[in-house]
Amino acid sequence: MLGEEVRKDTDLMLSTENVGKEFNGVWVLKDIHFQLKKGEIHALVGENGAGKSTFIKILSGVYKPSAGSVFLEGKPVDFHSVTDSEALGIRTVHQEVNLVPYFKVYENIFIGAERKKKIGGMAIVDSKRMKKEATKVIKDLGIDFDVSSPTLLLNASMKRIVEISKVLVHNPQIVIFDEPTTSLGEEERKNLLQIIKGLKERGLTIMYISHNLEEVMEIADRITVFRDGNQVGTMEKSEATTGKIISMMIGHDNYKHYCRVDKYYCEDVYLSIKNLTTDKLKAVNLNICKGEMVGIAGVVGAGKTEIAKAVFGLDKIESGSIEVMGKPYVPSPENAIRHKIALVPEERQAEGLVPNYCVSKNISLTYLKKYANRAGLINRVLEIETAQAYIDKMGIKCTGPLQTIKFLSGGNQQKAILSRWLNGDFDIGIFDEPTKGIDVKAKEDIYSFLEDLAEQGKAVVVLSSYLPELMSLCDRIIVVRDGRIIGEYTPQQPNAEEKIMHAMLGGGA
Amino acid sequence: MDKPTSVNKNQRIEFLRKYGTVLGAMLIFTIFAVVSKNFFTLNNQLMLLRQMSMLTIIALGFTFVMGAGGFDMSIGNTAGLINIIFAMVLISTRNFWLALGAAIACGALVGLVNGTIVAYIGLPDFIATFAIGSIVYGLKMLITRGNPIFFPADIPKIASFIGQGYVGRIPFPVILMLFFVVLVIFVLTKTTLGRRIYAIGGNPVASLYAGINVKRYRLITFIISGISVAIAAVILTSRLGSAQPLAGEEFLLDAIAVCFLSTTMFGDGEPTGSGTFVGAFIISMMNNGLTMLNVPYYFQYITKGVVVIFAVVISVVLAKKLKLKL
């Protein structure tokens, strides 16, 4: 392909020249010269706030560029809406799953584009044809599936497939994937990457946005890096390494891979879970000790989150018991907090934030009583000062304690949620996917923050489906599968990574 | 603010979103004052304030419910039931404080039932409080057979003072209203109760994870709503000098209108104490002004509906505009 110098433009599917976007005098995107070749998988990476989303929104017609122009197969295009870009064959598979739970799968696939037939001059919905076409689309992805099943019952990865099918029935030329593997487990992730590669083989041109560099390295033909609204560079996969991408993303080379020395010892058992059985868990036994960092690994749906929920009293316990510091404990969110247990939930938006509250009100939420007198009157000055202290300490990027939290990036929101718990001097901290969907720099900050907590003698439990994270952070790693604990490993033991992966995925055993 | 060039466009939209409703109210006020001879007189303004006092107090309670993301459809019927309970206890005991206590207890009880069904059993608030409203309606009709209860001549003076009395030239209900407005603004903005209620309204799941007892707080909002209905009903009964089983029904639609107007002002899409006060003024001013202009009552309903939709549409459109820019 590199040899074909002639008519350079013809192998370009989409390109931009000098594209920029300005909001209120701030250029969030500057001089983007992006080139998407026909039939390639082109990964776009960058920290949160680097301008990826804005760029995608320009390509899909949500925003109009403030400068520069977009070319489709060499011809300038001017999108006024998403409909315009869709008409020219550009489709996006969004990060969030957006399906009607009570619809059948094929009804979701054809939502807004129902196939119709005419009976006596009246157009009615042609279910038969939709089923047939939907079956074909899904089958072409290499999946055998009954498209008449209710969407409600699908697992996360199948829902993702339905989202992709929704796009594919329109025969797009370019498909933009925005973080498609979020909330998928290891195995499901691999399957999805295979499916995307399959789309490429069918001649589709693909843009792939992800935080996960392993994925990017596995799937991309070329990689473009954005930083602070600038295009830092575009490279062939052959010339890229994870380290190189990371240094381009963060702009300096001090990426540090955390690796704890073995200092695991158990003096005091802080949290003891005995034969815990719930709807999703089966006889779970677990001891968490002072000052240790425990990883709980498992694919999505294995039961990690359910352990946290049971401890916090959010799932009903059928049998078994929980003890805190050797004393019986009745789980409920209030009781958990009274017993100095903290839980940072997985779904930051849905379970963590009060979106319309400012940063300071979000930080003070759990331990609000600390800021109030007996009558319940809040000392707002103290509250704001404390929030400012956390903003400085955690490096939360915002305009100040009074900025509404929904306008912060994911990583900064996560730091605010962590600050909320720091307020209260907890002993046992449970962190469910603490670095999900946040950028490299913020991840680093959160890792070192978690380490500090363990240093201080707190028991730190990290739930994650991203194994490298647990391998570098934790003293020991407990593997959960199908609601059971099926093994415990230390990162130092030989071939730990393979063994854990094997345990997580079941490996046919 | 003098130089329009220095004002950021976003700030202008934000200003409009927060104060647009107030500006609209001022515009309507000015129109009434110009068109009607009797509208902008001290007597009429004091009457307007007295008329709005009951609606304001009910809407203040509703503000708690709506602040926590809930809805209470039972308030109109509950007002009628409390009219009767208050009058019956007053007449049989001749003790105002006992009657007041019974009224508040009755309001709190309805709130407790609403809150338990909604927060603890988990029924949708709209349906549950609507059904409770229906039961309450049935109860008050059962008690009175639809007949009003008139006060005898020898009831305690204070029982008529509450609704009819004056302090200087100021009607006493107006003083009560101002007291509750200040109290509610204080509670909602300065205390842990208010903070937690709005947190629940903003994100109930996150509030649960943050350790807030969401069920208990939702229950509390319904009880507050019930009590505020009781206070308004006592003023109403005192003012009328009789308990009318159907009096107070119009409070439901008006209070909903007030709270939706309230969400369009000052806050970020949640009703506030001050917003509710201004909203109640707008609705009452429309009722009063249109009556002054001899507009038939059915036309008042249409106008009110249009004004509410207009206000909400404008605030939603402006909020959207803001979000897109950010």
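These legends go with a handful of close-up views of a predicted model.

**View 1. Where chain B meets chain A.** Start with the place where the two chains come together: 27 residues of chain B are in contact with 36 residues of chain A. Between them, the chains bury about 2,500 Å², and 58% of that area is on carbon and sulfur atoms.

View 2. Look for Glu383(A) and Arg195(B), whose side chains meet in a salt bridge at 2.4 Å, N to O. The count of salt bridges between chain B and chain A is 2.

**View 3. The side of chain B that touches chain A.** Which elements of chain B give two or more residues to this side? They are helix 7 (172-190), helix 8 (192-202), helix 9 (204-209) and helix 13 (297-325) of chain B. Helix 8 of chain B brings the largest share, 7 residues. Sort the residues on this side of chain B by type and you get 11 nonpolar, 8 polar and 8 charged.

View 4. Is Leu208(B) buried or partly exposed? With a relative accessible area of 29%, Leu208(B) is partly exposed. Leaving aside residues up to four places away in sequence, Leu208(B) touches Leu314(A), Pro333(A) and Val214(B). For a sense of distance, pick out Phe180(B) as well: Phe180(B) and Leu208(B) are 28 residues apart along the chain, and their C-alpha atoms are separated by 29 Å.

**View 5. Strand 20 of chain A, covered on both faces.** Now over to chain A and its strand 20 (residues 428-432). Because 5 of the 5 residues of strand 20 of chain A are buried, this strand is largely enclosed by the rest of the structure. On one side you will find Ile428(A), Ile430(A) and Asp432(A), and on the other Gly429(A) and Phe431(A), all of them buried.

**View 6. The partners of strand 20 of chain A.** Strand 20 of chain A pairs with strand 19 (residues 341-344) of chain A in the parallel sense, over 4 bridges. In that pairing, Ile341(A) stands opposite Ile428(A). Strand 20 of chain A also runs parallel to strand 21 (residues 459-464) of chain A, and 5 bridges join the two. There, Asp432(A) stands opposite Leu463(A) in strand 21 of chain A.

**View 7. Lys304(A) and helix 9 of chain A.** Lys304(A) lies in helix 9 (residues 304-311) of chain A. At 5% relative accessibility, this lysine counts as buried. What does the side chain of Lys304(A) reach? It gets to the backbone oxygen of Gly298(A), at 2.8 Å. Not counting residues up to four places away in sequence, Lys304(A) touches several others, including Ile296(A), Val299(A), Glu433(A), Leu463(A) and Val480(A). As for the helix itself, helix 9 of chain A is mostly covered, with 7 of its 8 residues buried. Among them are Thr305(A), Glu306(A) and Ile307(A). Just after helix 9 of chain A comes Gly313(A), which takes a positive phi of about 75 degrees.

Key: Residues numbered from 1 in each chain as written. Chains lettered and ligands numbered in written order. Predicted model: local features only at pLDDT ≥ 70, side-chain atom pairs only at ≥ 80, totals over all residues. Heavy atoms only, no water. Contact = heavy atoms within 4.5 Å. Buried area = accessible area lost by both parts, 1.4 Å probe. Salt bridge = Lys/Arg side-chain N within 4 Å of Asp/Glu carboxyl O. Nonpolar A, V, L, I, M, F, W, Y, C, P; charged D, E, K, R; others polar. Buried < 20%, exposed > 50% of the residue type's maximum accessible area, 1.4 Å probe, protein only. Pairing = 2+ DSSP bridges. Polar contact = N/O pair within 3.5 Å; in protein donor to acceptor, adjacent residues only side chain to side chain.
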